[in-house]
Amino acid sequence: MGLLEASYEVPSGGESRFMRLEAGENRFRILDTPNMGYQYFEDNKCIKIAEKNQAADGIDDLKHFWDMPVWSNGKVTILTITQKTIQNALASLDGSAEWSNLNEYDVIITKSGQSLDTKYQTTPCPKAALSKEAKDAYSDFGKDYDWKNIFASKDTTDDADDDLPF
């Protein structure tokens, strides 16, 4: 007999807090100002930093990213955008007199192609009020996940380990 009961079953996958751009249309509403910074991979782990000079020595493959909460498919998730074509299109919409604030309308990003031939098209939707369901979901989302604190120091000491059995 092992540590786990014989009747134990691992629950099926939970919902991710993150949105991935899939092939075809990806419609979403940006809910808040994005976190912006740079990311790179080290030992297959994504490292996010606020400034380029915070990268580990020898890292030159930095990608500028936007992390932002979005409302899509009936839930709030975090969308990370590293593609310059999408960032430029969104910045252009946000800065235009006609479209302005990105959280006043949905955006559709259409992804086509694969690998190095991937293309993105960004299309704004007509301005519309955000639904009460989306507002409530975003309010709840922030209660148990501090998405704005991605650059917090990883060097925190916690004495909660004192009651562990090992």
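**The largest pocket**

Tutor: The largest pocket has a volume of about 550 Å³, a volume being the space filled by probe spheres set on grid points joined across faces, edges and corners. On a 1 Å grid over the protein atoms alone, a pocket is an open set of points where a 1.4 Å probe fits, with protein on both sides within 12 Å along at least five of seven lines; lining residues have an atom within 4 Å of a point. This is a predicted model, where local features need pLDDT of at least 70 and side-chain atom pairs count only at pLDDT 80 or more, while totals for chains, interfaces and linings use all residues. Residues are numbered from 1 along each chain as its sequence is written, and side-chain values use heavy atoms, leaving out hydrogens and water.

The lining comprises 21 residues, with Met19, Arg20, Gln39, Thr80 and Thr82 nearest the pocket centre. By class, eleven are nonpolar, five polar and five charged (Ala, Val, Leu, Ile, Met, Phe, Trp, Tyr, Cys and Pro count as nonpolar, Asp, Glu, Lys and Arg as charged, and the others, Gly among them, as polar). Strand 1 (18-19), strand 3 (35-42), strand 4 (45-49), strand 5 (63-72) and strand 6 (75-81) each supply at least two lining residues; strands here are DSSP runs of E, at least two residues long, and helices are runs of H or I, at least four, numbered from the N terminus. Strand 6 gives the most to the lining, with four residues.
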